[in-house]
Amino acid sequence: MQISELINFQKMSHSIVDLRSDTVSQPTDKMRARMASAVVGDDVYSEDPTVNELEARTAAIFGKEAGLFVPSGTMGNLLAIMVHCHRRGAEALVGDLSHIFLYEQGGASHLAGVQLATLKNEQDGTFSLQELRRRIRHEDCHEPITSLVVVENTHNICGGKVVPLAFLDELVALVRQPGVGTGSARIALHMDGARVFNAAAALGVGVERICRDFDSVSICFSKSLSAPVGSVLVGSKAFISEAHRLRKALGGGMRQVGVLAAAGLVALDEVVPLLPKDHEHTKKIAQAIFDLNSPNITVNLETVQSNILLVEITQPKLLASELADRLGIVESGEVAAGVTGKNGAGIVVKACARDWAFARLVLYHQVDDELVELAIRKLKYVIGQYDLRWPRE
């Protein structure tokens, strides 16, 4: 390539398909309009009518008594832990691959003074109920007191798995058994439902059914629902009253925040119905990768259930981070090979990869049919390159 050609190539505006997370989704036009015209008040005094509407409506959808708007899902989960584990020496049981354990800075311990004990997550996002029963602590003065069990649904690191309803029912039956727990104190159940609307879409049931027997649920509006900020924590009136008080201590007391809550109201009407399409797109990309029959990169079609796709790296000489880096650049040969968008420029696919044996792709409603086709085109080309380097033996 001549220098002048290289300069022109570098100046081309590449088509970007950002699949790092559904947190990169953008507020819709209707959200922006509703935010601009939102009626607001001081939410610390519970006087913001738009926030009050979002809280009440979300609680009703989930079959709970009340709701609380918070800046993030991390704060929602932390507040649930603080309310449920209010006694000193309390312990919460969580999955070892849960977001609460891996990616919330251990806030349960250093902010709430609550010990997290982990249960091994199975590939479907569940954990062994037999192990759970063995791990529940009673009135032994040497031990912490089990006060809370947390389920993540859908399960992020397990690949957007939808936790089966049968498992949830069995879990509830176990912790509600007479004699389980500490004396007269019952063990609370919290659901980290950051993407619970995706679980409902996949199962074809309402979120109320999924969360029916849980004491609290944290629901994120800024992931697949594409609002710019915020989560809602739902539960009983007494639970939310205490969470409201503790929110202030965590710096989550917001004032005229109806400008943000307004987007959540639109999300319930406009974006929730679109979630099945995101799941279709995810499965379409998964099928395209699977059909390549690559010896180096693959997917497990049977485990693709929602809007998260784990692209498995089976080649030991290839790191997930290297795959992500390669998807994020455009080589000159790609354009010549026709791996381009409508404008003739190259395709950049942004993927998420840490120290995992997989790269993660997450779909959301702004990744439309055209962008899905671009992502597939890029993935096929890059995986083909790796297959030429490491052919099947």
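**View A. Leucine 171 and its contacts in the predicted model.** Let us start with a single side chain and its surroundings. Beyond its neighbours within four places in sequence, leucine 171 is in contact with Leu129, Leu132, Val149, Val151, Leu189 and Phe214. One of these partners, Leu132, comes up again in the next view.

**View B. The nonpolar cores.** Here we step back to the core that holds Leu171. The largest nonpolar core has 57 residues, and of these Leu132 and Leu171 touch the most other members.

**View C. An open sheet of seven strands.** At the edges are β2 (66-70) and β4 (115-119), each of which pairs on one side only. From one strand to the next, the twist averages 25 degrees.

**View D. The pairing of β7 with β8.** Strand β7 covers residues 216-220 and strand β8 covers residues 231-235. The two pair in the antiparallel sense, over five bridges. To find your place, look for isoleucine 219, whose bridge partner in β8 is valine 232.

**View E. Two helices lying across β2, β7 and β8.** Helix α3 (residues 49-61) lies across these strands and runs at about 130 degrees to β2. Helix α11 (residues 237-249) also lies across β2, β7 and β8, running at about 20 degrees to β2.

Note on methods:
Residues are numbered from 1 along each chain as its sequence is written. This is a predicted model: local features need pLDDT of at least 70, side-chain atom pairs count only at pLDDT 80 or more; totals for chains, interfaces and linings use all residues. Side-chain values use heavy atoms; hydrogens and water are left out. A nonpolar core is a set of buried Ala, Val, Leu, Ile, Met, Phe, Trp, Tyr and Cys residues joined through side-chain atoms within 4.5 Å. Buried means under 20% relative accessible area, exposed over 50%, partly exposed in between (1.4 Å probe, protein chains only). Contact means heavy atoms within 4.5 Å. Two strands pair if DSSP finds at least two bridges between them. Helices (H or I, at least four residues) and strands (E, at least two) are DSSP runs, numbered from the N terminus. Axes are lines fitted to C-alpha atoms, for helices over the stretch in contact, and angles run from 0 to 180 degrees between N-to-C directions.
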